Amino acid sequence: MLSSTAKNLYWMGRYLQRAKSTARLIEATQRMALQSRGEEAAGVAAIFGMEDEFRQSQAQGERLASLIDFLVLDENNPSSIVNSIGAARRNAREERNNITVDVWESLNALWLELSARLRGNRATLDRGALIESVKKQAVMIFGAAQVTLLRDEANNFLQLGAFLERADNTGRILDVKFHLLRPDGSASPEGLDYFAWSELLACIGAVRTYRRIYRSSLHPMKVAELMMLRRDVPRSVHHCLWMVDLNMRELADAYGTRGEADRLAGELHARLRYARIDKVFEIGLATFLGQLRGDIGTLSDEIGRQFLLD
């Protein structure tokens, strides 16, 4: 497969997942803002590592409305939803022969709807409806890919991009939100804000999943375990790195060669597979996640060097 084709599909997956994750995070943050001291804007900007850019983009304080516009509509923010969907569509258009009609039409329909809404009066734009539409239609696009794409290298690169982006996003959310709720890094359930911890789970759509697995009241250590170590939870870091490792092994078999990226993918999967949440907290959750996110970034760089360079 041409490296340009691999790159387009890989980044199509990343951009789509970024838009979907951003929409879900904003939705959860809006709910949380109804019962808080109004500090959500800075916390969400920190998840994306864009505190300085956000402050520079608005002049009326760190209001949640400003954050939503920055993350959804700002054309100067390369990670905004409008830019992410536009970039995913451009990549998909280049690879019409490698994706199905269902995938292309679902993505193109989302872009056309988004464009139509943005051409209207921004003052009367229903941002909540826009975010909900992006979230639902992104699920439809990934669903179309799941049930219609040929299981070849094209699908592997699309999956690689999506799962790497998802792993990084879940790790960032857990790292930043856990620190805000437990600045001392403690996993003690004492004084737990049920609504705040529920919204942390809502950021990855796992509130009901938590109840089904643990059948108990919310506990910080169990929340961290679900988001990080449960392979059966689709948004957990473990599940994502399992899928990255699986797709890397399939690519290695297809190309008949293994490289540094393959080794790193297997190592990261093994680290999460054999980790125990009590040992993670002995090390320190922030320390563990910091190392993990750094290694995910290194893996992303190695995938680029191994497959995506022209």
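Residues are numbered from 1 along each chain as its sequence is written, and side-chain values rest on heavy atoms, with hydrogens and water left out. Because the model is predicted, local features need pLDDT of at least 70 and side-chain atom pairs count only at pLDDT 80 or more, whereas totals for chains, interfaces and linings use all residues.

Seven aromatic pairs are present in the structure, a pair being two rings of Phe, Tyr or Trp (its six-membered ring) with centres within 6.5 Å, and with planes under 30 degrees apart counted as stacked, over 60 as edge-to-face and the rest as tilted. One of these pairs joins Phe178 and Trp197 in an edge-to-face arrangement, with 5.3 Å from centre to centre and 80 degrees between the planes. Since Phe178 belongs to helix H8 (residues 153–181) and Trp197 to helix H9 (residues 194–202), the pair ties together parts that are 19 residues apart in sequence; helices here are DSSP runs (H or I, at least four residues), numbered from the N terminus. Both Phe178 and Trp197 are buried, that is, under 20% relative accessible area with a 1.4 Å probe and protein chains only.

The rings of Tyr210 and Tyr214 have centres 4.8 Å apart and planes at 45 degrees, and the pair is therefore tilted. Tyr210 and Tyr214 are both located in helix H10 (residues 207–214), where they are four residues apart, about one turn of the helix, and both are buried. One aromatic cluster is formed by Tyr10, Trp11 and Tyr15.

Helix H7 (residues 127–148) contains 22 residues and spans 31 Å from its first C-alpha to its last, close to the 32 Å expected at 1.5 Å a residue, the expected span being 1.5 Å times one less than the number of residues. Among the buried residues of H7 are Leu130, Ile131, Val134, Ile141 and Phe142, together with Lys135 and Gln137. At the start of H7, a side-chain oxygen of Asp126 comes to within 3.2 Å of the backbone nitrogen of Gly128.

Ala252 is placed in helix H12 (residues 237–255) and, at 4% relative accessibility, counts as buried. When residues up to four places away in sequence are not counted, Ala252 touches Thr257, Arg258 and Asp262, contact meaning heavy atoms within 4.5 Å. The C-alpha atoms of Ala252 and Asp262, 10 residues apart along the chain, are separated by 7.5 Å.

Conventions
Helices (H or I, at least four residues) and strands (E, at least two) are DSSP runs, numbered from the N terminus. Buried means under 20% relative accessible area, exposed over 50%, partly exposed in between (1.4 Å probe, protein chains only). A polar contact is a pair of N or O atoms within 3.5 Å; within protein, one must be able to donate a hydrogen and the other to accept it, and residues adjacent in sequence count only if both atoms are side-chain atoms.
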